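Trainee: I have a model open and would like to go through parts of it with you. Shall we begin?
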Amino acid sequence: MQFHHHGYVSGDPRVQPAAGVGINRPADLPDEVDVLIVGSGPAGMLTAAQLSQFPGITARIVERRPGRLAIGQADGIQARSVETFQAFGFAERIIAEAYQITEMAFWKPDPADHANIVRAARAVDDEMGISEFPHLIVNQARVLDYFAEFMANSPARMTPDYGYEFRNLQVTGEGEYPVTVTLLHTSGPNEGQERTVRAKYVVGADGARSKVRESIGCTLAGDQANHAWGVMDVLAVTDFPDIRLKCAIQGEAGSILLIPREGGHLFRMYVDLGEVGADDGRAVRNTTIEQIIAKANEILHPYTLDVRNVAWHSVYEVGHRLTNRFDDVLPEERGIRSPRVFITGDACHTHSAKAGQGMNVSMQDGFNLGWKLGHVLEGRSPESLLSTYSAERQVVAKNLIDFDKEWSSLMAKKPEEFDDPSELEDFYVRTAEFPAGFMTEYAPSMLVAEPTHQELATGFPLGKRFKSAPVVRVCDTNPMHLGHHAMADGRWRIYVFADAAAAGATSGVSDFAEWIANSPDSPLAATPSGADADADAWFDVKVIYQQNHAGVDISAVPPVFKPQVGPFQLNYLEKVFGTDPAADIFDLRGIDRGGAVVVVRPDQYVANVLPLSATTELAAFFAPLLRSGLPESV
């Protein structure tokens, strides 16, 4: 964490100095905003948190509730989300309070007596070491609290505007604020009164019944599985031995997915309520908590469940639906105009809760969109960047729904319907990378290069998330994970993996350093100069040498890797790394010993892999992403 570069900081270093719109931020919702986010769920809050790092942008997030969410429905936090939390600075704290999943147990009918269940198998949650971060269970409300804290501590000093319900919007296409939004006060002295806000862009993060989606003419299309589940968060006394393990339980009477919750006592059960007839008329929704508990006891036999307290419960039918676009641009308008309204999360994709993907995928929607809005509004990038959001995230949502259909179908099967008794646990292990959040692979576009040079860094596949690895920081000899220092600050990352030459010698890395620091074609040339922008304000350039930390002479390292920052122009020395002898990043990630450049997007996905000599290709990659000729004040 970088602080003190503007002078001594005696308080919490996580509280960044207020800047731009964060200075004397108005408490009341303005009449005109750059971005209006509707809904303070995971997608909306992450989008807002990312935009809070852009102090020149007026972004507000409205929520119909009168205050913070007290009890959230989602609770599964996949490892990819924890990586994201690291970028927002709270991974360590949320890990400490969460339940960590390390194994999953599979229970099935006892071959000797099918009326009883027995443990049939156990599966390690991350047997292949997909991530250094754990799989967590923690209530959605706490996730939102952490994002709210990050926003409040950011330069823009963002906080949600509670008590506003979205009614409708109109894209006029006129003037500086071409989207007119009508809101309704749902609490406070103006309750029941309408309010109009004009915006440059609107983000609909308002859930499966999204009115923003309706306003732009999008509809959810898909199927209903006609299978109902009761879900309950409870405190109970039970003799079931695996009550603190994640379990898939398949009994003669149906199935249960058991999810232990944080805090040591609470747990969640998804209880199979069976097939729902076409003529049910949603009557299954009237299933009582007593009936859900009774069904759970029937499935758990010979074990018993004595529920002492119910924190929350609901009944739902599995549905898989997807919108055909994630913004307001009709197919015939693609390439003609840029989007002004976006939808995220459940507003554009719905599925079952049992794969633990809803909150996780929704947050990645917000991460994908937030930095793009920031770059366009701040003048870093052209508006065409915004069209990549729908193109990238719709494919991800479609893959998620396909996966969830298969997982939900397997969970709903009766034991005798499986061709192979181990089919469920085999599927769980075989597909582990997908639910962990690491199968997302963005296709080549203006943001992801063709894999022309992929062989130079085989462990950093283009379009996939940057998988961190150990390194040792040279200046202070601290071992660390390289990717853990990529904060959600809207910057591109350029990782320069050096050739075998020592620091200071004439080499491929020294030639690259000279070019990126001084060439007018370098992407760094687009960074505005002046008192308000450090040399690394837009691009975070790091170098990783093949030698260990003791073999790197930091005084010989090119200046571009030690930029001067802050009003005192202090040398920032924390961008220079050596290899960890116990886990060489060059070997772990298949990096060519001749060196390579790995470009990573602000949302942590690999955008390009190039040889050190391919400066012309690097300049050409960034040319469409950077607006040239920007005034120094931008």
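Mentor: Let us start with glutamate 252, which counts as partly exposed because its relative accessibility is 46%; buried means under 20% relative accessible area, exposed over 50% and partly exposed in between, with a 1.4 Å probe and protein chains only. The model is predicted, so local features need pLDDT of at least 70 and side-chain atom pairs pLDDT 80 or more, while totals for chains, interfaces and linings use all residues. Residues are numbered from 1 along each chain as its sequence is written, and side-chain values use heavy atoms, without hydrogens and water.

Trainee: Where is glutamate 252 found?

Mentor: Glutamate 252 lies in the loop between β13 (246–251) and β14 (254–260). Strands are DSSP runs of E with at least two residues, numbered from the N terminus.

Trainee: Which strands pair with β26?

Mentor: Strand β21 (residues 492–497) pairs with β26 in the antiparallel sense over five bridges; pairing requires at least two bridges found by DSSP. Phenylalanine 497 has alanine 596 as its bridge partner. Strand β27 (residues 606–610) also runs antiparallel to β26, joined by four bridges, and leucine 610 is the bridge partner of valine 597.

Trainee: What about the hairpin of β26 and β27?

Mentor: The hairpin has five residues between the strands, and glutamine 604 takes a positive phi near 80°.
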